[in-house]
Structure formats: C-alpha cells, structure tokens
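Have a look at it first, and then we'll walk through some of its parts.

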Amino acid sequence: MAQSRLWTALPEWAVYALAAIPAVYYLAAGFTNNLGPDPLRVLENSLGEWALRFLIAGLAVTPLLRFARINLVKYRRAIGLIAFAYIVLHFSVYLALDRQFDWPAIWKDIVKRPYIMFGMAAFLMLVPLALTSNRYSVRKLGAAGWRNLHRLVYPAALCGALHYLLLVKAWPPEPIIYLLIILLLLGVRRIRPARRQRAA
Ligand code: HEM
C-alpha cells in the first residue's frame with residue numbers, strides 16, 4: 001500500500017512538466033545555435049528518440065503492474081500523450097525544417113523510403129489514439145471498443161522501432177535494443193501471473 005502510494009505521489013502535471021524538459025532543451029539549443037555542426041539532424045533525431053522512449057514507457061505500464069506491482073496506471077494517458085507530442089514535434093521538424101514543406105519531395109520520401117513509410121504508418125496509427133485519449137471518447141466508444149482501438153499502440157510502437165532500424169546505414173546497437181525492448185514488452189503481455197492463472 002505504502003509502496004503504491006509512493007509511485008503515485010507525483011501529480012500528473014509534474015509528469016508533463018518533467019517530460020517537456022528534453023523538448024525545451026533541444027528546441028532552445030536549436031534556436032540559439034547550440035546543437036553542433038548539424039543542428040537539424042540533432043534536433044530531428046533527439047525528438048524521434050524521445051518519442052520512442054515515451055512510447056516504450058507507455059508500453060511498460062501494464063507489465064510493471066503485473067510483474068513488479070508498480071502501479072503507474074495513473075500516468076499512462078499522460079505518457080501516451082507526451083509520446084505523441086514528441087512525435088508531432090519530430091514530424092514537424094521533418095516537414096518544416098528538413099523538407100521545408102516541399103510536398104512532392106515529402107510524398108516521394110513516403111513512397112520510396114521504407115523507413116519514412118514505417119514512421120508515417122506509426123504516426124497515422126497514433127493519431128486516433130491521441131484524439132480519443134479522453135473520458136468522452138471512452139464513453140462514446142464503450143470500454144471494449146476503446147480498448148480495442150488503443151491496441152493500435154502495439155503495431156505503432158513496432159513501426160516506430162522499425163523506422164529507426166531501417167534508417168541507420170550500419171548496425172548500431174541502439175535501434176536493435178529499442179526493437180528488442182518493444183518486442184519483450186509486447187511478449188510479456190501474453191504471460192499471466194501464476195496466481196491469476198490458477199484462479200482462472
Ligand atoms: C511513431 C513515430 C516515430 C518515431 C517513434 C520516430 C522515431 C525516430 C527515431 C528514433 C529516429 C532516429 C534517431 C537517431 O538516429 O538518433 C528518427 C529519425 C528520423 N525520422 Fe522518425 N519517428 C517517427 C515518425 C516519423 C515520421 C512520421 C517521419 C516523417 C514522415 C519521420 C522522419 C524521420 C527522419 C527523416 C529521420 C532521420 C533523420 C536523419 O536523417 O538522421 N519520423 N525517427
């Protein structure tokens with residue numbers, strides 16, 4: 001009980017405030033020209049990586065509750081919306097700064113570059129989730145319908161990780177580690193704790 005109170009002591013607004021720190025840091029550093037010789041790349045990539053980290057954090061909520069009794073359910077919606085905000089920022093940097101709204105070039109990227117295709121697919125899957133992350137939508141869709149819709153986060157996270165894996169030319173460990181963590185988090189969902197299995 002005391003343990004579960006400890007995990008939920010932080011108010012939700014504090015989670016949003018803490019999670020905004022990397023975005024504020026990278027955007028401020030970008031605007032003040034403090035991101036090194038290739039600021040656009042650093043900004044775009046950092047926002048993308050933070051998006052993936054928050055997607056993973058959101059996926060970890062259920063396994064943490066089931067297997068470690070750490071209850072972060074209260075923060076799940078905030079974590080999901082934060083992940084989406086990072087994806088929107090990442091996508092906006094791509095559209096506005098990287099491609100400068102050159103729509104034919106953007107379209108060519110989407111259909112010709114598999115990593116952009118996966119990134120775009122992940123983004124499109126997450127849009128309905130962000131739009132329905134409110135109590136009104138849960139009521140409108142019904143709990144089961146809402147839960148089914150929000151299962152889109154699994155393929156979206158996989159597409160996000162594949163997007164990262166495909167864009168790198170060599171085989172650095174980071175994208176592989178992200179992909180393995182996501183696969184692990186999706187895999188453990190299929191395992192039920194022993195006590196509940198016996199009861200079922
Ligand atoms: C769930 C959605 C997405 C996630 C999680 C994500 C994540 C990432 C990550 C982790 C990186 C590499 C970071 C690094 O190298 O350190 C990256 C790079 C990149 N992403 Fe995304 N991304 C997403 C969606 C998109 C979308 C929708 C686009 C554009 C259509 C996009 C365009 C790019 C580009 C162009 C790069 C590479 C920049 C470079 O050349 O280095 N991403 N993304």
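Eight aromatic pairs turn up in this structure. To count as a pair, rings of Phe, Tyr or Trp (its six-membered ring) need centres within 6.5 Å; planes under 30 degrees apart are called stacked, over 60 edge-to-face, and the rest tilted. In general, you describe a pair of aromatic rings by the distance of the centres and the angle of the planes. Here are two of the pairs:

| Pair | Centre to centre | Angle between planes | Type |
|---|---|---|---|
| Phe91 and Phe123 | 4.7 Å | 50 degrees | tilted |
| Tyr164 and Tyr178 | 5.8 Å | 40 degrees | tilted |

Before going on, a word on where all this comes from. The model is predicted, so local features need a pLDDT of at least 70 and side-chain atom pairs count only at pLDDT 80 or more, while totals for chains, interfaces and linings use all residues. Residues are numbered from 1 along each chain as its sequence is written, and side-chain values use heavy atoms, with hydrogens and water left out.

Which helices hold Phe91 and Phe123? Phe91 sits in helix 4 and Phe123 in helix 6, so this pair ties together parts that are 32 residues apart in sequence. (Helices here are DSSP runs of H or I with at least four residues, numbered from the N terminus.) Phe123 counts as buried because its relative accessibility is 14%. The cut-offs are these: buried means under 20% relative accessible area, exposed means over 50%, and partly exposed is in between, using a 1.4 Å probe and protein chains only. Phe91 and Phe123 also belong to a cluster joined by ring pairs, together with Phe84 and Tyr94.

The other pair in the table links distant parts of the chain too: Tyr164 is in helix 9 and Tyr178 is in helix 10, 14 residues apart.

One more ring is worth a look. Arg53 lies over the face of Trp50, 4.5 Å from the ring centre. For that label, CZ of Arg (or NZ of Lys) must be within 6 Å of the ring centre and within 35 degrees of the ring normal.

Now for the inside of the protein. The largest nonpolar core has 50 residues, and Phe54, Leu55, Leu59, Ile82, Tyr86, Leu126 and Ile182 have the most contacts inside it. Such a core is a set of buried Ala, Val, Leu, Ile, Met, Phe, Trp, Tyr and Cys residues joined through side-chain atoms within 4.5 Å. Several helices each supply at least two residues of this core, including helix 3 (39-68), helix 6 (114-131) and helix 10 (173-188).

Leu126 is in helix 6 and counts as buried, at 7% relative accessibility. Leaving out residues up to four places away in sequence, Leu126 touches Leu55, Phe84, Ile87, Val153 and Ala156; a contact means heavy atoms within 4.5 Å. Ile182 and Leu55 are 127 residues apart in sequence, yet their C-alpha atoms are 9.0 Å apart.

His150 belongs to helix 8 (residues 143-150) and is buried, with a relative accessible area of 14%. Its side chain makes a polar contact of 2.8 Å with the side chain of Thr132. That term means a pair of N or O atoms within 3.5 Å; within protein, one must be able to donate a hydrogen and the other to accept it, and residues adjacent in sequence count only if both atoms are side-chain atoms.

Of the 20 residues around the ligand, Arg41, Glu49, His90, His163 and Leu167 come nearest; being near takes a heavy atom within 4 Å. A polar side-chain atom of Glu49 is 2.6 Å from a ligand oxygen atom, and one of His90 is 2.7 Å from a ligand nitrogen atom.
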